[in-house]
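Please open the model in your viewer, with secondary structure displayed and residue selection ready. The tour below moves from one selection to the next.

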Amino acid sequence: MTTPSLDSTSTGTLSPLASRSDSLPLLPGGNDQQLAALRRLIDQLGTGREATDRIAWPDEGDSVTVRDAVRRLGSVGVVAREGSRVVPTATALDWRRTGQHDLLVGTFHRHVAFVGELLAALSDGPLGLEDLLRLGKEAYGFSWQTVTPVRQRTIWLRVTGMIAYFDGKARLTDAGRTLLGRLVLGEPAGGARSPEESASPSVARAAAAVTSLWEERATKGWETRGTGRNLYIPGSKDDNGRLRALRTLVAGSRPEVTREEFGQLCDKVSGKPVAVSSVSTVLDAVSALGLLTRVGENAWTPAAAAEAWLAEDDPLDLARIIHSAIRYFGEILAVLGTETVSTSSLVRHSSECVDDGLTPAAVNARLHLLESCGLVKKITSKTYQATPLGRAFLRTLPPDSVISALPRSTGAAADCAPGHGPRATAEEVAAELEIAARESEDHVRLEKAAVAALEQLGLEGVHLGGSGRTDGAVRLGVGLRKRTFAVEAKATATGAVERKAVDLEGLAEHREKLKAEATLLIGPAFHERVLTAARKDGKVAVLHTGLLAAVVRSRQTVPLTGELLDLLLDPARDPATREKQIEAARQEEERRFAVERAVVDALLEEAEYSEGWLTLRDLVRDLRKGGPATDEGEIQEVLNFLAFPRIGAVEEKNGQFRVTVNRRTLVHLVQTMGRSRLTVSPEEAG
């Protein structure tokens, strides 16, 4: 019999660190039981099992689906998918047969980053977990916040005999040193890995019934989803206990279930009697999640999409169903981005998607469900990260369903250089837009800069990007009058963007996916053939970055009116006409500002030498002596504004007007009005 040996794990071409998984999870059971648990799992799989089969694992008295059992091991090289079947890999079978631990660690090294590299770090002497964490972050670019990923690796390496661990330090053994000499190692990265650089797991296609559910929701509008304020589900929070509970509750509701019968199901998953009031709470929660449909006064049945989830047993279909049923579920993945975010921050942010926000309990319930589906992972007791699968899953969600999440301080707008993020000034945003427009080698930079510029103008925006997706999306308006625009950005180092760089058919497809009324095609300049094609399309507004930057800068001194926004976003205008009309509108706004200043100056000057009373005719006469062109109607509008009770800077008596405060106080009153509750809060503006 031929003795198995290390394959390309050791001597062949090794995948770069960025394409290997950053997770080497532990199996259920104690640290010293990891190898025994893996052997039992391989034995249960045999030559392969259907993903929906149930097996006795991790212990004889337990029963889980094959999919649940292997979920944690899908990217470490010991199991593989063959259609609907799950099979042990050849290396895993060789290890099970021979007990050669170098085979197991070798395949871990090929599929998981910082396994062989960790052994190499110990070749110069013992290191503690904090030392290894620092090395992983500084030399290899991981974004780990705790020692958990390092500890998981050291546990596997210790039980396989590659390292010893005592006195708080890991030490390389002879077996580990022998294996290290046969491994090809990855090079240090020298920087944090971006989501685009990290391995992107494949996301299974949604079941047909779930796809139909999404289409129905898109027709109704994603903003019509429920709030899901109370999502209490009995059962354990660990080891997919919530998923098992939901399966039991939904499957047990076939073909129909009464409230009393549902109470018996609650008793079953809870392991103890559940109060009648709590039964009603659970029934409402499972219904709110989109899993049960009420069909009578005291009758519920599994929803069609829920039946599809039960049949396929795919946690991602469950996540899709929940996302289509309640707000702030998939949106949490957009908020997390690639960062570690606290639950308290998520609670504060929930008000972006749910009126008055959600309670910590409601947010935690969502996090537990996302964690059970493998989409987020808990970093500490109060912080979470999106998993690689979670980030990949987010990219499959309809953009219109997550745009309201707006990853401001933790997402797309915050991961860029100057000119992005919640505290970027108008000048910084405008400057970044102009620079990014000429960075043809970094198209993502302009995509993000364009969205940030539109956000500066008061639109809700989100950067999307990626294959088959529009670069971004923005919204303005409210309720039924809410308007959505797709954003496409094109950078060029010299000259104008060529016609071949703009796929008009692709733009139309992106608009359809977003249900957008038009596309904002943004770049430094465009070839005439692009402009001709855009006019023919009729739904493409061509915006030059120079004009957009100018509007962003002018917003510091001139208010952005609805008229200006319409001019900017209207696809019926060509770039030259748009620029002329916007400039004319800006000049008109500046003239109106000059009228306001002149009225205030005249009132203040009169107050210096008399009781300060002036009639409307007096003001018209004074402004005609050298002020901006105006008339009685416009001056009356200014006086009405200044006399508005919330400002109260002007009083009126018998057709005469006078100022009641000095210039400094007047400015303060107007600025306070601008910061009033009619505007967004700093967090909302972020």
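In this predicted model, begin with H27 and H28, which are roughly perpendicular to each other, because angles of 65 to 115 degrees count as such. To see this, select residues 616–624 for helix H27 and residues 632–643 for helix H28, which pack at an angle of about 115 degrees with their axes 10 Å apart. Viewed as a pair, H27 passes H28 in a right-handed crossing.

Next, show the side chains where the two helices touch: from H27, select Leu-616, Leu-619, Val-620 and Leu-623, which meet Glu-632, Ile-635, Gln-636 and Leu-639 of H28. Coloured by residue class, this contact of H27 with H28 divides into 6 nonpolar residues, 1 polar residue and 1 charged residue.

Now move to the sheet. Here 3 strands form an open sheet in the order E10-E12-E11, and their pairing is antiparallel. Select 341–342 for strand E10 and 376–380 for strand E11 to find the edge strands, each of which pairs on one side only. Which residue in E12 is the bridge partner of Lys-378? Selecting Tyr-384 shows that partner.

Technical notes:
Residues numbered from 1 in each chain as written. Predicted model: local features only at pLDDT ≥ 70, side-chain atom pairs only at ≥ 80, totals over all residues. Heavy atoms only, no water. Axes fitted to C-alpha atoms, helices over the stretch in contact; angles between N-to-C directions. Helix = DSSP H or I, 4+ residues; strand = E, 2+ residues; numbered from the N terminus. Parallel < 35°, antiparallel > 145°, perpendicular 65-115°, else oblique. Left-handed = near helix turned anticlockwise from the far one by under 90°. Contact = heavy atoms within 4.5 Å. Nonpolar A, V, L, I, M, F, W, Y, C, P; charged D, E, K, R; others polar. Pairing = 2+ DSSP bridges.
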